[in-house]
Every structure is written in structure tokens, then in C-alpha cells.
Amino acid sequence: MEGEEVSNKQIILNDYVIGFPKESDMIVKTSTIKLKVPEGSNAVLVKNLYLSCDPFMRPRMKKMEGSYAESFTPGSPITGYGVAKVVDSGHPNFKKGDLVWGVTGWEEYSFITAPVAFFKIGHTDVPLSYYTGILGMPGMTAYVGFYELCSPKKGEYVFISAASGAVGQLVGQFAKLMGCYVVGSAGTKEKVCLPGSVHCVNLLVNTR
């Protein structure tokens, strides 16, 4: 019910990660949150439905300087891309019940003070989880990088680094659909043999 206070399970970064991540680097915490946006606020309160675990999140777990993505804040929930449903809104572009995707917290409910990185979902005839993949950040990155920046033509050769990754696998499929000859690079034999990857591109092991 709108305005009630409910429990909110969160994934908290305990401290900056040094070396290989350990289970103790993150903790599960349960807090409470009021399901109401303050009067006069442009914030949006959402219930998270799906959360995406993306490669760029790993370096954000350590203290970084001069990177395009800021480090996570120890003691706060991890953030990343997700699909959510609006519970309450003070923002003119969103209303209660809207389905959205964008940057949210790894928690059951997120209070987004500046929803500039949120987009309303207009097509619900596909699984909502697709908005964490091909219809979300990995898909948008692959589409813009391949079609808008690379702009190859049928029959051309396309080389893809990190071809086993979320973006790389999609670029490989886009290129094959266009009729390009595709070669991809992956870091290990295990990545080369990932299910589905060998069907998209010819993969080489990068031994650098």
C-alpha cells in the first residue's frame, strides 16, 4: 500500500575489493523504506524486478580514479542496470505502475532522486528480462557500435575482441546476419567454448 513502510533487502559493498573478490566483500542487509516520494520531489521510487550483472561492475568494486565509471561507495548498495516498476513518482515523465529500465540499486526497492538514466518500457510483448540484455545496455552498446560507428557492408571482414562477452556475442550475431565474415577473439579456451559463442563467430584464443 502506498505510503506504508516495508523491509528492503540490499546487497551492500562492504569495502573496496583488493585482488580476487571474496564473499565477505559484500553483505546482505535488510533495512526499511517508505513507499512514498516526498511532496515537491522529482524523485522516483521503484520496485526492482530484474537486475543485470555486467562486467563493468567488477572494476567499480575497487577504488578508481579517472575512469568513465565511478567506484561504488562502501557501505552503500551496489548499483547497476535493472528493470523496475514505479511505486510512486514526483517526476512528470513517470507515473505509478510504469515499467522502466535504467540504473538502479541492488535492492528490492530503490529511491531514485534524479531519474535521468531511466527509460520507460513501451514494449511488453517480450520478456522484461530482455531489457537487461539485448534490449538494455549490452544490446544498445552492440547496436550503436556496430551499425552507427562501424557501419560495415555485406561481405566485409569484422573482427571482434572480447567476443564471448555480452556485447561481443551480440555484435557477432549482428555481423553474421548482415552477411559479414566474422572473427572473434577470446581470452581463454573456456570462453571460446561457451555455449552459443561458436555458433555466432569463428573464435580465436587471445594468448597475450
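This is a predicted model: local features need pLDDT of at least 70, side-chain atom pairs count only at pLDDT 80 or more; totals for chains, interfaces and linings use all residues.
**View 1. Aromatic pairs across the model.** Rings of Phe, Tyr and Trp (its six-membered ring) pair if their centres lie within 6.5 Å; planes under 30 degrees apart count as stacked, over 60 as edge-to-face and the rest as tilted. Go by that rule and you get 9 aromatic pairs.

**View 2. Phe56 meets Tyr81.** With ring centres 6.2 Å apart and planes at 65°, this pair is edge-to-face. Phe56 sits in the loop between strand S3 (44-51) and strand S4 (79-89), while Tyr81 is in strand S4, so the pair ties together parts 25 residues apart in sequence. (Strands, E, at least two residues, and helices, H or I, at least four, are DSSP runs numbered from the N terminus.)

**View 3. Buried or partly exposed?** Buried means under 20% relative accessible area, exposed over 50%, and partly exposed in between (1.4 Å probe, protein chains only). Phe56 is buried at 18%, whereas Tyr81, at 23%, counts as partly exposed.

**View 4. Tyr147 meets Phe174.** Here the ring centres are 5.5 Å apart and the planes at 45°, so the pair is tilted. Tyr147 belongs to helix H1 (residues 137-150) and Phe174 to helix H2 (residues 166-178), so to speak a link between distant parts of the chain, 27 residues apart. Tyr147 is partly exposed at 28%, but Phe174 is buried at 13%.

Conventions:
Residues are numbered from 1 along each chain as its sequence is written. Side-chain values use heavy atoms; hydrogens and water are left out.
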